[in-house]
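Have the structure open as you read.

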Amino acid sequence: MKEQLKKDFDNNIKNLNLSQKDIEIKKFCLDNFIEKGFPNRKEEDWKFSDLNQLIKNNIGELSFYNDHTSTNKVDTSVFVDGLEHNKIVFINGRIEKIDFEYEKKDQIEIIDQSETINEFKNSNSLSDLNNAFTNKCFKILVKKGYQLIKPLIIYHSINSKIWSKNINLRLNFELDKDSSLRLIDLFSDTSEKNFLNIFYNFELKENAVLKNYKVDKFENKNIKYSFNNIDQDKNSVSETFILSSGSKFFKNEINCNLNGEYSSAFVNGIFSLNNDKHHEIRTIINHLTKNTKSYQLIKSVLEESSKAVYQGKIFVNSDAQKTDGYQLSKAILLNKESEFNAKPELEIYADDVKCSHGSASGSLNEDSIFYLMSRGLNYQQSRELLINGFLLDVVEKITDSQIKNLIKNMIGIKE
Amino acid sequence: MNNRQKEIDNLKDYKYGFSTDIENIQAPKGLNEDVIKFISNIKNEPAWMLEFRLKAFDRFKVLKEPDWQKPKFPKIDYQDLYYYSAPKSMKDKPKSLDELDPKLLETYKKLGIPLQEQARLNGIAVDAVFDSVSVATTFKDELTKQGIIFCPISEAIQNHPQLVKKYLGSVIPTSDHFFATLNSAVFTDGSFVYIPEGIRCPMELSTYFRINASNTGQFERTLIIADKGSYVSYLEGCTAPMRDENQLHAANVELVALDDAEIKYSTVQNWYPGDKDGKGGIYNFVTKRGLCKGKNSKISWTQVETGSAITWKYPSCILKGDNSVGEFYSIAITNNHQKADTGTKMIHLGKNTKSKIISKGISAGSSDMTYRGLVDISSKAKNSNNYTQCDSLLMGNKCGAHTVPYIKNKNSESNIAHEATTSKISEEQLHYCQQRGLNPEEAVGLIVNGFCKEVLQQLPMEFAVEAQKLVGISLEGSVG
């Protein structure tokens, strides 16, 4: 892999117009990655999902070079109907389209940040890989007091022409004072066996509101990793919803720093898995100052030999008095081969806090099924009704009604 | 001044902090094959026992000290320790208590452990371990009548080799982790209990551990076997003198419960916790593991951890037999600069197995407390259940409380439920108590005892009273 990495790296650098300094930084990151390799189960954070093994077993040899010199045709059929929205389209990791057609042009700034590499707190070897290979990096700045009229949908498409590729993406968002953004990440892939490595960085200034919905719905055989870093200032609110369902493997990491007083973070997630899929959500909520709040709800429905992992951590700094932190994970195992692992963690250094977590896993309640069947439903209907209700709970947490309906339709949840 | 206040004042300092001036036989300093042979030799052990030790030592040589735990500590120099220390008077074993060194008797009297006949009215059989050897075992005769074996493990190696050979290392093998392997290589003494088929042990069995010599590590090994349909309740208590250096305590405890048997193991751990600035104290790195080998067997751990500079232990249950039950009740209190990383492991292998974990952590001062636990339901453990509840109470803003549970469910017919909360004593509760005439310290004592009640209830009567007092004393000075 080492030779391949070096060769692909050199090819990649050739196509970019980079200063000597930036090349140095990218090289440094590459060396870091070569030294550490893909994370494996020996690392505590990857204890339940050995990415190194997963890549070896499902992809084999990866290549890291992507030819981004020519444009890809944007397939408009994947666009969401019935919801007016702004678009960013990534195809095979290349930005093909940025379109804020519904917004005031002077209120949104798109800054090319390709040369500046931002460091992530809690970084792992994948952030090094990302730093070394990302081609273009844009920063989307929502200006002071501007609230986007329509949601922004980012389409992540991988078309059928590529396989065994590593694709690296990076986007930065800055939401200035009193601004707001609704962001949907939509994954649609027709290709197989690629490894997608996405890093987002969000900076929320005072009173800013971010709503991020990540939807991985369509069946595919790709391996995905996504890392969201969210820094929050005073009174800001972040809401993250994750639907984890379609990919072979998907690990979503949310690292949220509540730096300002009265800031709050909400993370809600659904795992709906079948076959031998293996998904993970890992959250780290850092309560760094007083009067901050976080709430997490993760529900899983696991069929066949699928496996879901939830690792959630609430960290409370010694200054962060009056913190309110809550975490709940629930799983229904529908098959004897399915597996649910959880590590809900609390690390608390302040005394005047209210922190709790709960985790439960088990089978569908037979009594409930009996109840429904005695009222005339057949077994299949009762089962579906119960699962429907179980998941609806999480979807109802979505605060945007338009997007709530969109997502409900996507998963086929009825009210 | 009321009585309770007086009592607390008496106990304010670590009252077990004295040391006994007694002549010792020690093994040469350091850890090597010769020292292991020395220990084996002085105990007159058979060849298979020495082989067991050397096998463990071979394995130990390739192991590295683990470092994933929350409380970090300075590197221990394993060559700078004495691995064997025994009172000289124990060389020719005294045949009865009358021949026992009066200084030893005096020590145990001061500790409140009655070894002499006249004091044995409270109906607990005691095995007293002083540094590396067991000095006295009481009530032996009465237990023998029922066929119960309760003796120092070194005696069991001589007198009941078949039993020891069969079960020693069957739960904690010589190939286990760093500290367990170290113990297997150099363990000196400890208790051995065998309850024969169908016998309900008529009294509580108890071991009292005392570290006296300085620069000594204590490595005791306890093996309890409950044969089919038997029951035993076992208590363990520990203290050590106040010294400026840190002392290592790495014990192994193995429990085996056969069909329908039940073992109840209670610990009140009160090793010297170090002074107010965190100087000195015991490193308590203990491996405790119980195997529910037979059907319908049950193992229950209850622990009250108030002492030690660092506590690092996870009493575990391997639920192998169908319908077996594992329980874990724990109170861990840390104050000043104490650190604790404790919890349990419940490994469900058999069908219809059940486990329950109740953990209460209280941290005060500048201390740090971690609950770390594993619940693992394997794919064969059909219809198994686990319930976990871990609550933490914080006093002051310099301490920390952490919860790190690992939950693995590989069986769709099994259920796991986990709950954890972290909070402080509410102003309302304190106000209510004070309004009714309690001073702030008493109020905290009352609330904390209520918080711990679920666990305290599990302790045998005699221990419960002591533990309740201990809870109050450990938190002394943390209010205000």
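In this predicted model, α2(A) passes α4(A) in a left-handed crossing. Helix α2 spans residues 20-36 of chain A, and helix α4 spans residues 125-133 of chain A. Their axes come within 8 Å and cross at roughly 145°. From α2(A), the contact uses A:Lys26, A:Cys29, A:Leu30, A:Asn32, A:Phe33 and A:Lys36. From α4(A), A:Ser125, A:Asp128, A:Leu129, A:Asn131 and A:Ala132 meet them. By class, this contact holds 5 nonpolar, 3 polar and 3 charged residues.

Next, the strands. Is strand β13 of chain A (residues 264-273) mostly covered or mostly open? It is mostly covered, with 9 of its 10 residues buried. β13(A) pairs with strand β11 (residues 237-244) of chain A. It also pairs with strand β15 (residues 293-302) of chain A.

| Strand pair | Sense | Bridges | Residues facing each other |
|---|---|---|---|
| β11(A) and β13(A) | parallel | 8 bridges | A:Phe241 and A:Asn268 |
| β13(A) and β15(A) | parallel | 10 bridges | A:Val267 and A:Gln296 |

Now the contact between the two chains. Chain A gives 31 residues and chain B gives 30 residues. On the chain B side, β24 (400-409) and β25 (415-424) each supply at least two residues. The chain B residues that touch chain A divide into 10 nonpolar, 15 polar and 5 charged.

Notes
Residues numbered from 1 in each chain as written. Chains lettered and ligands numbered in written order. Predicted model: local features only at pLDDT ≥ 70, side-chain atom pairs only at ≥ 80, totals over all residues. Axes fitted to C-alpha atoms, helices over the stretch in contact; angles between N-to-C directions. Helix = DSSP H or I, 4+ residues; strand = E, 2+ residues; numbered from the N terminus. Left-handed = near helix turned anticlockwise from the far one by under 90°. Contact = placed C-beta atoms within 7 Å. Nonpolar A, V, L, I, M, F, W, Y, C, P; charged D, E, K, R; others polar. Buried ≥ 20, exposed ≤ 12 C-beta atoms within 10 Å, placed from the backbone. Pairing = 2+ DSSP bridges.
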